[in-house]
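Could you walk me through this model as if I were seeing it for the very first time?

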Amino acid sequence: MSSRTGWIPAALLLLGVFCQTSAASAAVVQPPRDGWVSWNIATVPGAPAWCCFEWGKQQSRVTTCRLDRTDHGYGSDRRLGSESTMRVYARFTAGALDKLRTLSASCPVETATPMRLLDNISAADSLRWLSSVASPRANSSDDALAAIALHRGSDAARILEKVAHADASVENRKQALFWATQVRGDEGLNMVLPYLFEDKDARVREHAAFAVAQTDDARAFAALARQGRDDASLRVRAQAWFWLAQTGASEAEALIVSALVSEQSRYVREQAVFALSQLPEPRNVAALVRIAEDRSRGREQRKQALFWLGQSESGEALRYLDRLLGNKQAMAD
């Protein structure tokens, strides 16, 4: 992702992350007009070792991150464990920030211009500067919120909570929720769970469901089921069943099937049948076959189940449809 936040006021440079002080004097480290600066941050326990990877034969190996590329993502391999120190990388062009990324301190990087390493940057200064990048909403906001979420300590959690609760940008609110669950463990999940039910904006409730679905916590399963039953928004209810199926929770099928009986909206019922197709194989095929063969259900539900069986690449699904078509042909003969 390329990014541009525009001009950074000189006052921010004096007071923010680029300011180094001693008891006797203060020396301001000016960012380069063109080029990169970086600094270390201490990370939350269990922080992912973000780096760049090459994949082959279901195995990965760390490769050099070329920071000047126009696109990037955040990748990690659980086999590498967690990382206690990360580095924030910021690139300036014509004096303005235009790229921001945070990676494991051990991750090899390559840049087209020299990198200036900033020493003795405090967590408070780092968070203050990143907060100014995140809001108001700009191209670097998502990367800034990811970096904030990685910082060790309660200050980072408070910043994420403030953004999630009251930021002017819905996208910033959504990203704060996402990164809280991705890197801050139980603390992050505890922060995000109330947003599934209490936020007034359906877009935020929906994204909170997505965020908690990326965890393995049983509380997430229960929260998604509650949202699927109770939310006022049809889309939010439908998406809750989708994300519950994506978790692969053992109770997901029973909860979704129960929604097919109690749900009043045809749209949500159709989406719930689709959600069954998202269960792990072979559970998804078995669940759809049960719906298709249950004559107590409405014709539309059964047709939907057959449709999603037809969309499956599962050999078992195709064999079931072949048998079904064969039986119909035999009856016609």
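The link of Cys52 and Cys65 is right-handed, with 115° about the S-S bond. The two cysteines sit in strands: Cys52 is in strand 4 and Cys65 in strand 6 (residues 65-66), so this pair ties together parts that are 13 residues apart in sequence. Strands here are DSSP runs of E at least two residues long, while helices are runs of H or I with at least four residues, and both are numbered from the N terminus. The S to S distance in this disulfide is 2.0 Å, and a disulfide is counted when a pair of cysteine sulfur atoms lies within 2.5 Å. Both Cys52 and Cys65 are buried, where buried means under 20% relative accessible area, exposed means over 50%, and partly exposed is what falls in between (1.4 Å probe, protein chains only).

Before going on, a word on what you're looking at. This is a predicted model, where local features need pLDDT of at least 70 and side-chain atom pairs count only at pLDDT 80 or more, while totals for chains, interfaces and linings use all residues. Residues are numbered from 1 along each chain as its sequence is written, and side-chain values use heavy atoms, with hydrogens and water left out.

Back to the cysteines: the structure holds 2 disulfides. The other pair is Cys51 and Cys107, with sulfur atoms 2.0 Å apart. Cys51 is in the loop between strand 3 (35-42) and strand 4 (52-56), and Cys107 in the loop between strand 8 (96-104) and strand 9 (109-110), so this bond ties together parts 56 residues apart in sequence. Its S-S torsion is about 75°, so the disulfide of Cys51 and Cys107 is right-handed. Cys51 counts as buried because its relative accessibility is 7%, and Cys107 does so at 6%. Number the bonded cysteines in sequence order and the pairing reads 1-4, 2-3.

Now for the helices. Which residues of helix 4 are buried? They are Ala156, Ala157, Leu160, Val163 and Ala164. Looking down the axis of helix 4, these buried residues fall within an arc of 130°, so they line one face; the arc is taken from the directions from the helix axis to the C-beta atoms. An α-helix has 3.6 residues a turn, so residues three or four places apart point the same way. On the face of helix 4 turned away from the buried side you'll find the exposed residues Arg158, Lys162, His165 and Ala166. The cover over its buried residues includes helix 2 (123-134), helix 3 (141-150) and helix 5 (170-183).

Helix 2 has 12 residues and reaches 16 Å from first C-alpha to last, close to the 16 Å expected. Its buried residues include Trp129, Leu130 and Val133.

Arg205 lies in helix 8 (residues 202-213) and counts as buried, with a relative accessible area of 9%. Arg237 is in helix 10 (residues 234-247) and counts as buried at 10% relative accessibility. Leaving out residues up to four places away in sequence, Arg205 touches residues including Gln227 and Asp231, with contact meaning heavy atoms within 4.5 Å.

Conventions: The expected span of a helix is 1.5 Å times one less than its number of residues.
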